[in-house]
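Please look at the sequence and the model together. The paragraphs below go through selected side-chain contacts and where they sit in the chain.

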Amino acid sequence: MNLKLYSPLGDGGKLPDTGTTIFTIMSQLALEHNAINLGQGFPDFMMSEELISLVNTAMLQGHNQYAHMCGVPLLREKIAQKAKKLYDSNVNADAQITITPGGTYAIYTSLTSMLEKDDEVIVFEPAYDSYIPNILVNGAKPVLIPLQYPAYSIPWNEVHEKITAKTKAIIINSPHNPTGAVINEGDIEQLKSIVQQHKNIFIVSDEVYEHLVFDGLAHQSILRYPELMERSFVCFSFGKTYHCTGWKIGYCIASPLLMKEFRKVHQFNCFSVNSFVQYALADFLNNEDAYLSLGNFIQRKRDYFQNRMLATKFKPLPSHGSYFQCYSYKGFSDENDMELAIRLTKEYGVTAVPLSSFYQSGKDDNVLRFCFAKKEATLKEAADRLSKL
């Protein structure tokens, strides 16, 4: 007998057009074909032994029960000190910082704490895949604006045109996933102008790759700009900073008023984050070089992979930050990007992510995204395999 489960929201649920993420799909395909996985953004090298030791020490010291709902006070204080040192931002550790189970959770909670039915949120595409489902599940509407290929810069004239009385927020992501683009001071000036003109617009700033900025550029954190911080949720990730993506720990910084709303959602969703890791991170943040040296460390991997890829038919697009670089294949294949990504996995043993998966429309510029946050041996082998294409 076939039983049909009853859904109070109908057959489609809250996200009827949402399926399995492209990262899960491509990672599973890589596993099935024993391919080198340059699709999903995680390192294949070891994280800091010092940080691992600090976690073990914290557990042995008994830090194994619920942490404070907002996060371990010492960790929040260390984050506030870091924000002051790096961005000259006067952040109140008690009123403005909440520790979260990952950066993606921080983004979701930021949006959920302010969105109401029929609100509009400006999203730049290609976009990290959680943004649009987060908006839709809150009954709001994503307003999609494509970044300008090939540099993936923001078309601010179009942004101004798309703002309406219903616009509640703009999502900014720098360094950008999936393209590696970074915003500049001109972008910040545009944001300031928008906030000044439209008093009811908020900013969600995804800065999980804050320390992965290359080529001598400065990270334009929203924390640097008090007039923007007043209306912003700024989201970060320890997982990306310390090569421990599986730990799923991050944090959000916002004005006291916005953080009050953020915590209303947070306390009944996650409540608190694992305590022993927080104590370890509070201690490890004293090691400033561990995050200050990260940009140069990852840039060397970008440069190494790019040099190895010269032996292939792929053409690199600019990447000034993050774990990722996009490559064009316009010159040698008529396949759509999903077809080519699948063929590379099956026939050449290298997995990338098709950039069209980051567009709701499936826009295809014949571009694949590769993750270069890997061991040099991994990158060399991947490029060697791709050179046979």
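Is Glu288 buried, partly exposed or exposed? Glu288 has a relative accessible area of 29%, which makes this residue partly exposed. On this scale, buried means under 20% relative accessible area, exposed means over 50%, and partly exposed lies in between, computed with a 1.4 Å probe on protein chains only.

Before going further, some ground rules apply: residues are numbered from 1 along each chain as its sequence is written, and side-chain values use heavy atoms, with hydrogens and water left out. The model is predicted, and local features need pLDDT of at least 70, side-chain atom pairs count only at pLDDT 80 or more, and totals for chains, interfaces and linings use all residues.

Glu288 takes part in a salt bridge with Lys85, and their closest N and O atoms are 3.8 Å apart. The two partners come from distant parts of the chain, 203 residues apart: Glu288 is in the loop between helix 12 (275–284) and helix 13 (289–292), and Lys85 is in helix 3 (residues 73–87). Helices here are DSSP runs of H or I with at least four residues, strands are runs of E with at least two, and both are numbered from the N terminus. Lys85 counts as exposed, at 53% relative accessibility.

In the whole structure, a search finds 18 salt bridges. The term stands for a side-chain nitrogen of Lys or Arg within 4 Å of a carboxyl oxygen of Asp or Glu. Another of these contacts joins Glu158 and Lys162, at 3.2 Å from N to O. Glu158 and Lys162 are four residues apart in helix 7 (residues 156–162), so about one helical turn separates them. Glu158 is partly exposed at 24% relative accessibility, and Lys162 is partly exposed at 30%.

A further salt bridge, between Glu227 and Lys192, has an N to O distance of 3.4 Å. Because Glu227 belongs to helix 9 (residues 226–229) and Lys192 to helix 8 (residues 185–197), this pair ties together parts that are 35 residues apart in sequence. Glu227 is partly exposed, with a relative accessible area of 34%, while Lys192 counts as buried at 14%. Through shared partners, salt bridges join Glu189, Lys192 and Glu227 into one network.

Rings of Phe, Tyr and Trp (its six-membered ring) pair if their centres lie within 6.5 Å; planes under 30 degrees apart are stacked, over 60 edge-to-face, and the rest tilted. One of the pairs is Phe314 with Phe332, edge-to-face at 5.1 Å centre to centre and 85 degrees between the planes. Phe314 sits in the loop between helix 14 (294–308) and strand 9 (315–316), and Phe332 in the loop between strand 10 (324–328) and helix 15 (337–348), so the pair connects parts 18 residues apart in sequence. Phe314 is buried at 3% relative accessible area, whereas Phe332 is partly exposed at 23%.

Tyr327 and Phe370 form an edge-to-face pair, with 5.6 Å between centres and 85 degrees between planes. Tyr327 lies in strand 10 and Phe370 in strand 13 (residues 367–371), 43 residues apart. Both Tyr327 and Phe370 are buried. Ring pairs link Phe305, Phe314, Tyr327, Tyr329, Phe332 and Phe370 into a cluster.
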